[in-house]
Amino acid sequence: MTASLIGARIERKEDYRFLTGAGMYTDDVALPGQAYAAFVRSPHAHARIKKIALDQAKKSPAVLAVYTGADLAAAKVGGLPCGWLITDVNGQPMKEPPYPPLAQGKVRHVGERVAVVIAESLDQARDAAELVEVDYEVLPAVVDPAKAKGAPAIHEAAPDNACYVWALGDKAAVDSAFAKAAHVTKLDFVNNRLIPNAIEPRAANATYSRAEAGYTLYVASQNPHVERLLMTAFVLGLPENKVRVVAPDVGGGFGSKIYLYPEDVVVTWAAKQLNRAVKWTAERTESFVSDAHGRDHVTTAELALDRDGKFLAMRVRTTANLGAYLSTFASCIPTILYATLLAGQYTTPLIYCEVTAVFTNTTPVDAYRGAGRPEATYVVERLVETAAREMKLDPAGIRRKNFIRQFPYQTPVALCYDTGNYEATLDAVMKMADVSGFKQRKEESLRKGKLRGLGYACYIEACGIAPSNVAGSLGARAGLFEAGEIRVHPTGTVTVFTGSHSHGQGHETTFAQVVADRLGLPMESVDIVHGDTSKVLFGMGTYGSRSIAVGGTAIVKALDKIIAKGRKIAAHLLEAAEADIEYDRGVFKVAGTDKHKTFGEVAFAAYVPHNYPLDKLEPGLNENAFYDPANFTFPAGSYVCEVEVDRDTGATQIVAFTAVDDFGKIINPMIVEGQVHGGLAQGIGQALTEGCRYDSTGQLVTGSFSDYAIPRAADVPLFKLDTRETPCTHNPLGVKGCGEAGAIGAPAAVMNAITDALGVKDIPMPATAQTVWRSMHKAA
Amino acid sequence: MSVKVSMKVNGKPVSADLEARTLLVTLIREQLRLTGTHVGCDTAQCGACTVLMNGKAIKSCSIVAMQAEGADILTIEGVAKPDGTLHPMQAAFKENHGLQCGFCTPGMVMNALDFAKSHPDPTEEEVRDSLEGNLCRCTGYHNIVKSIMAGARAMAGKP
């Protein structure tokens with residue numbers, strides 16, 4: 001018997017093609033006769049379109065067509081839908097203003113698409129786009145969510161610019177607990193707006209076949225089936241069977257490629273009008289102004305404690321910026337994926353959270369790595385750390401005093417945690433980070449003229465939104481299951497089809513480990529196919545760290561069916577009762593004997609059914625499964641960050657970052673570590689370097705990599721990682737998911753460390769050298 | 001205005017008639033269909049388009065093809081051995097999980113090949129400095145740094 005592949009550090013199957021330039025990303029796809037699209041985008045944050053003059057553009061060399069919102073309206077192309085209906089505090093549905101793919105009458109953010117020019121070459125399309133003359137009447141803009149309510153209306157459907165006011169929890173009970181509390185800690189802060197910036201820009205290449213009356217769209221997407229569903233059912237009104245969506249190699253997503261975007265709709269529609277393939281690839285500047293952004297909360301948060309530091313209640317008021325339009329899942333991020341996480345790892349018995357979601361003249365905001373959960377963790381962990389400092393309690397001790405220790409645990413904010421062991425990760429991280437030696441390190445730093453600080457963050461995450469019927473009752477307009485198919489070939493090799501999508505996560509390796517291990521096959525005998533609606537039966541795609549917990553489980557369910565059928569075939573071949581057949585990693589054996597058949601022999605018999613129970617069993621070995629989880633999974637962990645702040649410049653260096661996570665069972669530790677590294681870097685980016693800025697007229701000031709600082713190699717340290725393992729109780733692999741953890745836990749850990757170093761209560765993110773320097777000089 | 005340019009790409013002579021404004025990366029990707037060289041930005045910041053020109057790492061999005069007249073260009077497609085065996089730097093990225101989505105990877109490898117020539121046993125700090133012009137959003141650089149340190153040693157014949 002071979003060693004188990006579960007838990008093995010296996011090098012990735014996908015790496016060879018990426019390392020040799022053989023990856024196939026959307027912009028690498030060249031369709032025969034493809035034309036090129038260039039979008040004319042609004043230079044204004046808020047303006048009425050008085051007139052669009054297209055004559056010069058249409059006369060430009062090699063231009064095939066120029067379309068505006070009027071053309072799409074005439075063709076009855078619909079607006080982009082929102083996938084989650086939030087019901088407000090008065091029982092009313094959220095405001096859902098139209099989101100036309102090309103502007104109709106008004107533009108509402110810089111970068112909004114006003115027209116598209118399609119030409120024989122990209123340069124010709126871009127040259128002609130320069131010749132489209134748009135006459136605008138500029139209107140006053142609002143960018144600050146805190147000022148949105150009194151500002152001129154952006155949409156007729158939302159006169160006060162509010163999309164909804166939503167609340168969770170028992171306000172009266174929370175208020176009463178605060179009135180009796182021995183201590184109240186209060187913080188006002190902004191969770192800074194972030195721009196995802198996957199290094200592969202968004203791209204789409206659509207073609208139409210008159211012979212098949214069908215479309216094919218190649219698109220940089222995290223969920224091609226969802227893209228197809230939204231586009232066919234809601235926007236273009238096409239038959240779903242006539243649209244193939246392919247998301248080939250995708251160069252990072254982080255949430256920003258979940259959504260249906262106007263450009264995807266426009267090139268697909270135009271492909272039929274022109275009977276040509278139409279290709280569009282974003283320039284980086286277009287990505288900055290048109291990819292959905294993340295975060296952007298203005299929050300007042302309070303924690304009520306008794307005199308011993310026991311948490312009594314939490315009260316949170318947040319204004320969430322949704323941007324100019326409702327992106328695909330925008331509405332559920334600052335509500336369902338935010339307020340429900342405010343218990344964190346603690347037994348806080350009473351929690352009330354009120355969220356006002358507003359429209360502003362900025363790029364739409366939606367899920368970005370963590371999506372609501374980093375914002376919630378920031379609230380909880382900044383409050384807890386600040387409360388400990390105010391009450392002169394040990395920050396680790398106050399956490400231990402309030403940890404949830406009995407599972408399952410029903411929180412006051414709807415979620416029920418199935419399992420966890422928060423003490424174990426905190427113990428481990430404190431040892432690894434040598435917290436007891438911190439005092440000495442702080443003194444050493446001081447001798448070098450540096451202020452040293454240490455900060456904790458103990459986060460909880462909820463992955464794999466589920467089950468579908470509960471999500472539906474909360475407003476989800478889609479299912480949240482996943483699909484998988486196992487196709488066994490006659491010679492015993494296997495192709496696995498998954499509705500999950502890999503855009504860096506390494507599914508081709510991790511999922512193959514699960515299948516190869518169960519079937520007793522070498523890794524080379526198992527291939528994973530994803531990202532093509534014409535190959536994969538269905539899929540909800542990859543976001544919210546759901547792939548292994550939901551997509552992986554669908555594969556396991558299909559494997560169960562394969563083995564169940566294989567057992568019947570083996571029983572026939574071995575002339576034994578089915579009940580006597582034992583199965584273990586590729587071998588069907590008659591119990592108590594050495595009589596056996598290998599998986600390969602059974603597969604061959606299924607496809608060459610000469611000696612086969614054809615009267616009772618269909619030939620072939622191919623099974624699929626749809627899996628709808630019973631609950632979320634709840635990864636958790638404890639992080640410790642140590643920083644040094646230069647007293648002269650304010651420059652902050654992360655000198656150590658230690659993370660101990662509990663992701664349940666781990667299939668490939670090497671890949672999991674990579675996911676944590678990347679998440680930590682994005683979380684550190686939010687805390688230290690990434691400051692999205694709009695000026696008061698709504699111009700994006702940070703619209704390039706020169707102005708918006710995603711972390712560079714010198715901005716982050718080597719990370720120290722470890723894991724603890726409490727398996728998830730409601731999926732067969734015991735897995736929880738690991739994709740977002742780092743981005744969820746890191747910002748609070750970093751900011752707790754910086755405020756510790758400076759001895760201040762709070763400082764805004766990103767804590768750039770200038771921000772830190774100003775804080776030091778204000779404090780002095 | 002059309003111009004004729006000639007150069008060697010991955011050891012093979014190529015020539016093309018191009019508009020004068022054509023970038024080197026456009027020649028490589030669109031005319032030669034060598035799509036391993038990527039475009040991640042339009043401001044010469046991200047480094048996904050890095051290739052070697054006469055042995056030196058350059059950003060192929062920031063020069064026009066004419067500037068490479070007569071040059072020897074190496075792209076990611078020309079790095080492995082003709083039989084497909086990975087170059088030691090590529091192998092180091094695979095062994096150390098130095099890539100995730102793979103989009104920045106060709107630029108990272110090309111930059112590392114140039115860097116390793118002058119740094120046979122680099123420190124972590126030297127590697128991080130060398131990555132100033134190459135952005136990655138997936139890996140947090142942790143395993144890229146380890147890959148380049150290991151790859152540079154392997155290229156120098158060190159264990």
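Which residues in α2(B) meet which residues in α5(B)? I'll come to that in point 5; here are my notes in order.

1. First, a caveat: this is a predicted model. Please read everything below with that in mind.

2. The A–B interface. Chain A brings 53 residues to the contact and chain B brings 46 residues. The size of an interface is often given as the accessible area lost when the parts come together. Here chain A and chain B bury about 4,300 Å² between them, and 54% of that is on carbon and sulfur atoms.

3. Side chains of opposite charge can pair when their charged atoms come close. Between chain A and chain B the count is seven salt bridges. One to click on is B:R21 with A:D123, where the closest N and O atoms are 3.7 Å apart; the cut-off for a salt bridge is 4 Å.

4. Where the A side comes from. Four helices of chain A, α1 (15–19), α4 (122–129), α8 (284–290) and α17 (669–689), each supply at least two residues of the side that touches chain B. The largest share belongs to α17(A), with eight residues. By type, the residues on this side of chain A split into 25 nonpolar, 16 polar and twelve charged.

5. The helix pair in chain B. Back to the opening question: from α2(B), the residues are B:P88, B:M89, B:A92 and B:F93, and they meet B:I144, B:S147, B:I148, B:A150, B:G151, B:A152, B:A154 and B:M155 of α5(B). That contact has ten nonpolar residues, two polar and no charged. The two helices, α2 (residues 88–95) and α5 (residues 142–155), have axes that come within 8 Å and cross at roughly 145 degrees. The crossing of α2(B) and α5(B) is right-handed.

6. Most residues other than glycine have a negative phi, and most peptide bonds are trans. Two peptide bonds to check are those from A:F407 to A:P408, which is cis with omega near -5 degrees, and from A:A466 to A:P467, also cis, with omega near -15 degrees. A:P408 sits in the loop between α10 (395–402) and β16 (409–410) of chain A, while A:P467 is in the loop between β18 (450–460) and α13 (468–473) of chain A. A:D296 has a positive phi, near 70 degrees, without being a glycine.

7. More on A:D296. This residue is in the loop between α8 and β13 (297–305) of chain A. A:D296 also forms a salt bridge with A:R193, with the closest N and O atoms 2.7 Å apart. A:R193 lies in the loop between β8 (183–191) and β9 (203–209) of chain A, so the pair ties together parts that are 103 residues apart in sequence. For context, the structure holds 57 salt bridges over all chains.

Notes:
Residues numbered from 1 in each chain as written. Chains lettered and ligands numbered in written order. Predicted model: local features only at pLDDT ≥ 70, side-chain atom pairs only at ≥ 80, totals over all residues. Heavy atoms only, no water. Contact = heavy atoms within 4.5 Å. Buried area = accessible area lost by both parts, 1.4 Å probe. Salt bridge = Lys/Arg side-chain N within 4 Å of Asp/Glu carboxyl O. Nonpolar A, V, L, I, M, F, W, Y, C, P; charged D, E, K, R; others polar. Axes fitted to C-alpha atoms, helices over the stretch in contact; angles between N-to-C directions. Left-handed = near helix turned anticlockwise from the far one by under 90°.
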